[in-house]
Amino acid sequence: MEHTREDLVDLAAALARARSSQRPGPDTPAGPAVRAWPGPSRPIPEAGPGDLDLRALLRLSLAASDDSGRLRPTPSAGALHPVDTELVVGAGCSLPPGRYGYDPLRHRVHRLGREPDGTPPGVTAELSVTVRRTASHYGHRAWPLLLLDTGHAAASLHLAARASGAGNPDVRLDGLTASPLATVRIPPPGPQAAAHRPDGAPHPQSPTSAPTPEELLARRSIPPPLPGTPPPDVLRAVLAVAAQSGGDDLRWCAAVGAPRPGLVGPTADGTALRRLATGEARPTLAGWAAGQAWIADAGAVLLAHGCPDDSGAPHIRRAHLRAGFAVHLAHVTARRHGLAARPIGSWQCADLGAALGATPGRDWVVHGLALGTRHADEENTT
């Protein structure tokens with residue numbers, strides 16, 4: 001498979017192929033785990049009084065914490081971590097103003113040049129992807145995973161900003177550009193934080209209270225199995241967070257098992273659950289999710305669905321970016337309620353609408369989050 005940029009890809013055709021039953025070929029080399037930024041690397045200085053602490057912000061969101069580079073606060077399909085981050089730094093930061101490439105393995109930066117004229121105080125993280133890393137294992141199934149991973153990275157930066165006392169973060173997940181796919185602007189602490197916001201930028205809600213740094217560093221995907229049905233009030237809380245932060249392109253439900261198996265979703269006001277369908281859905285979901293049999297025994301499976309067949313590239317990007325963002329916030333909420341959780345990104349033939357008797361090709365599973373009440377040692381892959 002040619003590992004190419006998205007601006008050279010028919011994204012609708014790539015998504016249709018990823019949704020098909022076609023299996024990927026043998027693994028290919030993933031290439032370097034970090035983009036080859038030019039010039040020497042430099043450490044991120046300590047923050048002065050009133051400055052945005054970029055060292056802490058990136059440590060809580062994107063930095064690797066082991067020598068292999070696998071263990072990071074942000075989940076990624078296959079622990080391949082395709083998201084690359086450029087930092088546009090303005091005044092009020094622990095780095096001098098300029099443009100930098102971030103190396104998450106060494107937690108260092110490479111200066112790339114001057115900041116653009118009019119750069120506001122704080123930092124803007126521009127997120128793009130190296131397709132080859134994810135395609136090396138997932139082949140033609142890579143594109144939705146790349147977009148979901150980017151949404152998770154944006155959510156991780158958003159939460160890190162809130163945990164570190166920065167200004168209110170502004171997240172752009174509009175799907176209008178192929179590079180960067182997403183941006184997260186984080187003002188420095190202080191009253192100037194909310195003063196500069198790009199026109200038209202959607203602002204995904206973060207309905208959870210601010211997390212602690214310890215909470216963010218501890219978040220990991222739990223390895224299966226994930227048995228144990230979450231209590232209804234906890235499942236409602238997790239669904240509410242996903243629905244409030246996922247935007248208008250997605251709908252949300254959860255597959256649950258005994259004593260009343262079926263699909264449930266949030267009411268319009270998010271204060272209760274309503275039954276959408278009856279019958280056991282989890283074995284079907286296991287088949288749709290690359291045949292991961294353990295999903296059939298998960299306590300519940302949260303589902304983001306939508307993104308019809310006739311969606312254009314901006315809609316495809318936006319739906320997947322927001323699904324990754326919302327599942328990440330739902331994951332943190334689930335952990336706060338004592339649940340085990342694991343994102344599920346790879347879906348084939350997962351036409352949920354058709355399975356429920358609606359018009360085929362209109363309502364596909366975009367992302368998932370398996371939930372259970374079991375506690376286990378944590379690891380880092382989705």
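**Note on backbone features and helix packing**

1. Ala79 is placed in the loop between helix H2 (54-59) and strand S2 (83-89), helices (H or I, at least four residues) and strands (E, at least two) being DSSP runs numbered from the N terminus. This is a predicted model, in which local features need pLDDT of at least 70, side-chain atom pairs count only at pLDDT 80 or more, and totals for chains, interfaces and linings use all residues. Residues are numbered from 1 along each chain as its sequence is written, and side-chain values use heavy atoms, with hydrogens and water left out.

2. Although not a glycine, Ala79 has a positive phi of about 55°, and Ala79 is buried at a relative accessible area of 10% (buried means under 20%, exposed over 50%, partly exposed in between, with a 1.4 Å probe and protein chains only). His81, found in the loop between H2 and S2, also has a positive phi, of about 45°, and counts as buried at 8% relative accessibility.

3. The peptide bond from Ser179 to Pro180 is cis, with omega near 0°, and Pro180 sits in the loop between strand S6 (170-172) and strand S7 (182-186). The bond from Pro224 to Pro225 is cis, with omega near 5°, and Pro225 lies in the loop between helix H5 (213-218) and helix H6 (232-245).

4. The buried residues of helix H1 (residues 11-19) are Leu11, Ala14, Leu15, Ala18 and Arg19. Seen down the axis of H1, they fall within an arc of 135°, so they line one face of the helix (the arc is that of the directions from the helix axis to the C-beta atoms).
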